[in-house]
Amino acid sequence: MTPAPEHRTTTTATAGNADLVDEAERLTVEWAARVLEDPEACAEDNFLDLGGHSLLALRMSRYAMERFGVEYDLMVLFETDLATAARDLVSRAGNAATGTATDGEG
């Protein structure tokens, strides 16, 4: 009997990865808008510039962990726009799924 395939939130297929990046970007903006109470937040905005702080970033990371299995890199979330933070999140999720460590993790 063949074992059931392992459930993963990421995919190595290019089209699938693009879909995942799009989803992560959409959700990142949605979550930022929710935690910051700013319905006008967009992918080009910076979390800190919108009024974000560490406690709200932790809430965002909890949402990301529940959906993608990894948290945001807070430095990326604080220093870049939301779209970049979303792409980094997908990359981190892919690395976690394949067991690849980055920046001394693992």
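Q: What makes R92 count as buried or exposed in this predicted model?
A: R92 has a relative accessible area of 17%. Buried means under 20%, so R92 is buried. The residue has its place in helix 4.

Q: Which other residues of helix 4 are buried?
A: Helix 4 has several residues under the 20% cut-off. Among them are L82, A83, A85, A86, L89, V90, A93 and N95.

Q: How do you know that the span of helix 4 is close to the expected one?
A: Helix 4 covers residues 82–98, which is 17 residues. The expected span is 1.5 Å times one less than the number of residues, and for helix 4 this gives 24 Å. From first C-alpha to last, helix 4 reaches 24 Å, so the span is close to the expected value.

Q: What is found at the start of helix 4, and what just after it?
A: At the start, a side-chain oxygen of D81 comes to within 3.2 Å of the backbone nitrogen of A83. The limit for a polar contact is 3.5 Å, so the D81 to A83 pair falls inside it. Just after helix 4, G99 has a positive phi of about 80 degrees.

Q: How far from R92 is G69, by C-alpha atoms?
A: The two C-alpha atoms are separated by 9.2 Å. Along the chain, R92 and G69 are 23 residues apart.

Q: Why is the pair R67 and E23 called a salt bridge?
A: The N to O distance between the side chains of R67 and E23 is 2.8 Å. The cut-off is 4 Å between a side-chain nitrogen of Lys or Arg and a carboxyl oxygen of Asp or Glu, so the pair qualifies. Side chains of opposite charge can pair when their charged atoms come close.

Q: What makes R67 and E23 a link between separate parts of the chain?
A: R67 belongs to helix 2 (residues 54–68) and E23 to helix 1 (residues 14–36), so the pair ties together parts that lie 44 residues apart in sequence.

Q: Why are R67 and E23 called partly exposed?
A: R67 has a relative accessible area of 28%, and E23 is at 22% relative accessibility.

Q: What makes R34 and E30 a salt bridge?
A: The closest N and O atoms of R34 and E30 are 3.3 Å apart, and the cut-off is 4 Å, so the pair passes. Both residues lie in helix 1, 4 residues apart, or about one turn of the helix. R34 is partly exposed at 44%, and E30 is partly exposed at 36%.

Q: Which residues are linked in a network of salt bridges, and how many salt bridges does the whole structure have?
A: The network links R26, E30 and R34. A search of the whole structure finds 4 salt bridges.

Q: What does N46 touch or reach?
A: Leaving out residues up to four places away in sequence, N46 touches L77, F78, E79, T80 and D81. The N46 side chain also reaches the backbone nitrogen of D49 at 2.9 Å.

Technical notes:
Residues numbered from 1 in each chain as written. Predicted model: local features only at pLDDT ≥ 70, side-chain atom pairs only at ≥ 80, totals over all residues. Heavy atoms only, no water. Helix = DSSP H or I, 4+ residues; strand = E, 2+ residues; numbered from the N terminus. Buried < 20%, exposed > 50% of the residue type's maximum accessible area, 1.4 Å probe, protein only. Polar contact = N/O pair within 3.5 Å; in protein donor to acceptor, adjacent residues only side chain to side chain. Contact = heavy atoms within 4.5 Å.
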